Amino acid sequence: PEPMVEVLKRTTSPADTDKFLALYDNVLGLWKGSVTSVFPAFHIRNLYSNVYLNFLDSVWHPQSYRDSLRLLTPQNRLTKPIMKDLDPIAAEIGKSAGIGTWEQLRNKLGNEGVLTGWFGEVAEPLGGALPDPWNLRGKFNPFRVGSQLGRKTDEYTRLAHVVEKVRHGGMSLDDAISSAKRVLYDYGDLSQFERGVARRGI
């Protein structure tokens, strides 16, 4: 019948399908964030599971985790006297790639995906999906705070992995980065099926 054909056209057109999937992704992202990133226990489990995965790959030196923390700590007038100069550490780790400063190393690790954070996309679909008349997202968004904490946790353990593999494993910087992505799952390296289909069912 003509009315049924018209309804099917409207509900199966690419534009309408994209709108529905966008709404579904936003709602799913909100739900995922509500059961993961807003709970401190989630981040604690994430941290010790990453440390354990590192340990299984012979990454365990406390100094590697200490230097990772030093490199990730924001530099300001309060922390700089404690953290001291980070360039010698960066030069040691980045020597094989011709890197001599922390800024150069940070740019390299950012371009390679080590410091961009593979966890953050879980809660990001919330932004703009729902009305926010009081601008709560701009003032304090627990989903964003949780996302940032999860991102920093992953960056901390991945950078420790890189430091360890260069310093004690004899790897080049590029090989150490590849090792970190292999051992600590790279959420940015997903297939089209995983991005477009599988993640909507999980």
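**Entry 1: Val 166.** I began with burial: Val 166 has a relative accessible area of 15% and is buried (buried means under 20% relative accessible area, exposed over 50%, partly exposed in between, with a 1.4 Å probe and protein chains only). I was working on a predicted model, where local features need pLDDT of at least 70, side-chain atom pairs count only at pLDDT 80 or more, and totals for chains, interfaces and linings use all residues. Residues are numbered from 1 along each chain as its sequence is written, and side-chain values use heavy atoms, with hydrogens and water left out.

I placed Val 166 in helix H9, residues 142-167 (helices are DSSP runs of H or I with at least four residues, numbered from the N terminus). Leaving out residues up to four places away in sequence, I listed its contacts as Glu 92, Ile 93, Met 171, Ser 172, Leu 173 and Ala 176 (contact means heavy atoms within 4.5 Å). I also noted Gly 94: its C-alpha atom is 8.5 Å from that of Val 166, although 72 residues separate the two along the chain.

**Entry 2: Glu 164.** Still in H9, I turned to Glu 164.

I put Ser 58 in the loop between H3 and helix H4 (62-72), and its phi is near 65 degrees, a positive value. I jotted down the background: most residues other than glycine have a negative phi.

**Entry 3: Asn 54.** I then looked at Asn 54 in helix H3. Asn 54 counts as buried, at 0% relative accessibility. Its contacts beyond four places in sequence are Val 59, Tyr 65, Thr 157, His 161, Val 183 and Leu 184.

**Entry 4: helix H10.** In H10 (residues 173-183) I listed the buried residues as Leu 173, Ala 176, Ile 177, Ser 179, Ala 180 and Val 183. They are on the same side of H10, because they cover an arc of only 160 degrees around the axis (the arc of the directions from the helix axis to the C-beta atoms). Their packing partners are H3, helix H6 (87-94), helix H7 (102-112) and H9.

**Entry 5: salt bridges.** How many salt bridges does the structure hold? I noted ten. One of them pairs Asp 57 with Arg 182, with the closest N and O atoms 3.5 Å apart. Asp 57 is in the loop between H3 and H4 and Arg 182 in helix H10, so this pair ties together parts 125 residues apart in sequence. I checked both partners: Asp 57 is buried at 17% relative accessibility, whereas Arg 182 is exposed at 57%.

Next came Asp 67 and Arg 70, whose closest N and O atoms are 3.7 Å apart. Both lie in helix H4, three residues apart, about one turn of the helix. Asp 67 is buried at 1%, and Arg 70 is buried at 18%.

Key: Helix = DSSP H or I, 4+ residues; strand = E, 2+ residues; numbered from the N terminus. Salt bridge = Lys/Arg side-chain N within 4 Å of Asp/Glu carboxyl O.
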